[in-house]
Amino acid sequence: MTSPLEQKKIRITGPSVVTANRTWDGAVVYRTAKQGWSTELADSTIVTTSDEARALLAEAAADDVGAVGPYIAPVELKDGGKVKPGNLREHIRAKGVTIDLQVPA
Amino acid sequence: MYAYDELDRTLINERVSEFRDQVKRRLSGELTEDEFKILRLQNGVYLQLHAYMFRVAIPYGTLSSKQLRRLAHVARRYDRGYGHFTTRQNIQFNWIKLAELPDALSDLAEVGIHAMQTSGNNMRNVTSDQWAGVAPGEIEDPRIWSELIRQHTTLHPEFSFLPRKFKIAITAAEHDRAAIKIHDIGLRLHKNADGETGFEVLVGGGLGRTPFIAKTIKPFVPGRDILSYIEAILRVYNQYGRRDNIYKARIKILVHELGIEKFAKEVEEEWKAMGDVGLTLDHTAIEEVRSRFSYPAYEKLPHMPDELKQAAHDKLFERWRKNSVSAHKVQGYSIVTLSLKPVGGPPGDATAEQMDAVADLADKYSFGEIRVGHEQNLALPHVAKRDLPLLFKALDRLGLATPNVNLVTDIIACPGLDYCSLANARSIPIAQELTRRFANHDTADLIGRLHINISGCINACGHHHVGHIGILGVEKNGEEFYQITIGGRADENAQLGTLIGPAVPYAEVADVIEDIVEAYLALRDRPEELFVDTVKRLGVEPIRERVYATR
Ligand code: HEM
Ligand code: SF4
């Protein structure tokens, strides 16, 4: 896991969000514009400059009770404003495992 | 089975209430994640991609039916209805909520199950042969020694704050099913010329970024001295252990840097210099632990009961029996392996329903006992041969009679990128695709023993270095790629695999593995020559040529 501190130097190269795991249940959450967390990527605040990203991360990291291990993650903006995860890892975090969960009985 | 004593029970219960309080303080914000992390890790709680992951120890792989039912309950009540059996005789739950963890721990504590020594830089749960106590030709039950070491090291301050995590495995059989050569300390129980029982001691094995096969530092340490000898090893380790560099602090690195002779010499000197530190195990101490392992009241049964003779006409039964049923030390009984590797399924996963059903079958056919092995399968250790046909039918209905134990589809795989926050690439879907490619059991039988091991990153939780075929996920420009090695093995002839060629993308892995297997079939000198033996005889080159010629 990339810690917020390590990411301080990182410059974003495209639209990004801040994501973390919700403290009480571990669910994947995204930082919203209202300084809260949502399980929906569509609710996330999207940043496009490194300065914005760092500010959003700092603000999110201050909420240690709400969520654990916040970091900046890339997203893709589709036509019509739809937000998609920017890489496979984030895709799996957003959509769940890529395997059939149940063992065939 | 093993009966925990009062002290253990009190300890487990204290840990649960302590953790309940810690979780409460974490959720209220009194504890920050930084403060809490070490506490949760001490209780087997990791944070994964989607959720917290909870790792529970199954000491030396022995479970009672009551305990397995409770694991099923935890899967159902607090998780998503399934659990994942790992290569270190643990079970992991992937979707547990922090707020409910204390309840889950407490439910497990009632049946003597806990999560101590499953994470952190301490002495991890001591693993052993999953056939301990029932394998023919065993010197004696290695779990007695696992337990003596466990008791000595559990929560002993010295062992709780090591430079890194520390793993011990013990075997007492000719054939090493505990993979002792890839552990920090591997112990092989045997008898010396005087008939005395003791251990060959190996150190410095491990996988991960810098894999090493353990080497012998002393051919024989009498059983009674084993704790003091381990103490001497740890003292030398602690004295040199490089706590400054996380990648270098495992004992394997130290052994490699000092050289095995020098390391052995230092341990020997330390051991002599230590003198009597009160760690000698007297007869009473050993017998006390021995007495807490109980064995079933076996009946006197024929070697070849009628039920078995009749069932021999059933082809499906026979195929399963030849594959999954092994010899037992007591006449008329067998050890039955339950494959958790169904075609198309995630390796090592079991649903709550399967766990409950296996618990019932264990009560009916195996004196209420179940074993968990490092290959991520289960076993029923005491099945009367006459019951095999009925057991087969029941297991088949549950999807637990896939006749693929030790075959190409009996794949070891770590959780990979589907769950793990450290992963580069996925492991489970690769395993699933391979089981579909080799779904024909006749083909798998023809290929013979072949272990495919898959890890999603260099930490090597899926033991890829010692797979006959090893698959390691790496990342290249944001894409999943896989390095493939061949010729590794984890048994008494443990060896690291050799890279066969450039890494291949996700979509091509199964094709390459098929080509490797085909090359082997063409090159083996007779059907009995195992994959690893062909690789050993010919080297990697002839296989590489065939596989990469057209790529
Ligand atoms: C899912 C969360 C997991 C995480 C975060 C994790 C993390 C790690 C890390 C960081 C290491 C390397 C440690 C070192 O070299 O000192 C490691 C080693 C290991 N893990 Fe895991 N692991 C996970 C799951 C598993 C699972 C599911 C299994 C069993 C299937 C497993 C079995 C092992 C084994 C056997 C090793 C030892 C390799 C060696 O000898 O160095 N782990 N794990
Ligand atoms: S090998 Fe890597 S990807 Fe697989 S479980 Fe271990 S840490 Fe995770």
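B:Ser427 counts as buried because its relative accessibility is 0%, under the 20% limit used for that class. Keep in mind as you look at it that this is a predicted model. In chain B, the residue sits in the loop that runs between strand 16 (412-413) and helix 15 (428-437). Leaving aside residues up to four places away in sequence, B:Ser427 touches B:Ala413, B:Cys414, B:Gly416, B:Leu417, B:Ile454, B:Ser455 and B:Gly456.

Now let us move over to chain A. Its 105 residues include 43% that count as buried. Chain A has 3 helices and 5 strands, and if you follow the sequence, they come in the order α-β-β-β-α-β-β-α. Among contacts in chain A with a separation of 6 or more, 55% are between residues 24 or more positions apart.

The next stop is the place where the two chains meet. How many residues does each chain bring to the contact? Chain A gives 26 residues and chain B gives 41 residues. The size of an interface is often expressed as the accessible area lost when the parts come together. For chain A and chain B, about 2600 Å² is buried between them, and 64% of that lies on carbon and sulfur atoms.

Polar links cross this interface as well. There is 1 salt bridge between chain A and chain B, and you can find it where the side chains of B:Arg26 and A:Asp64 meet, 3.1 Å from N to O. Across the interface, 10 residue pairs are in polar contact. On the side of chain A that touches chain B, strand 1 (16-22) and helix 3 (88-95) of chain A each supply at least two residues. Helix 3 of chain A provides the largest share of that side, 4 residues. By class, the side of chain A that touches chain B is made up of 14 nonpolar, 6 polar and 6 charged residues.

Key:
Residues numbered from 1 in each chain as written. Chains lettered and ligands numbered in written order. Predicted model: local features only at pLDDT ≥ 70, side-chain atom pairs only at ≥ 80, totals over all residues. Heavy atoms only, no water. Contact = heavy atoms within 4.5 Å. Buried area = accessible area lost by both parts, 1.4 Å probe. Salt bridge = Lys/Arg side-chain N within 4 Å of Asp/Glu carboxyl O. Polar contact = N/O pair within 3.5 Å; in protein donor to acceptor, adjacent residues only side chain to side chain. Nonpolar A, V, L, I, M, F, W, Y, C, P; charged D, E, K, R; others polar. Buried < 20%, exposed > 50% of the residue type's maximum accessible area, 1.4 Å probe, protein only.
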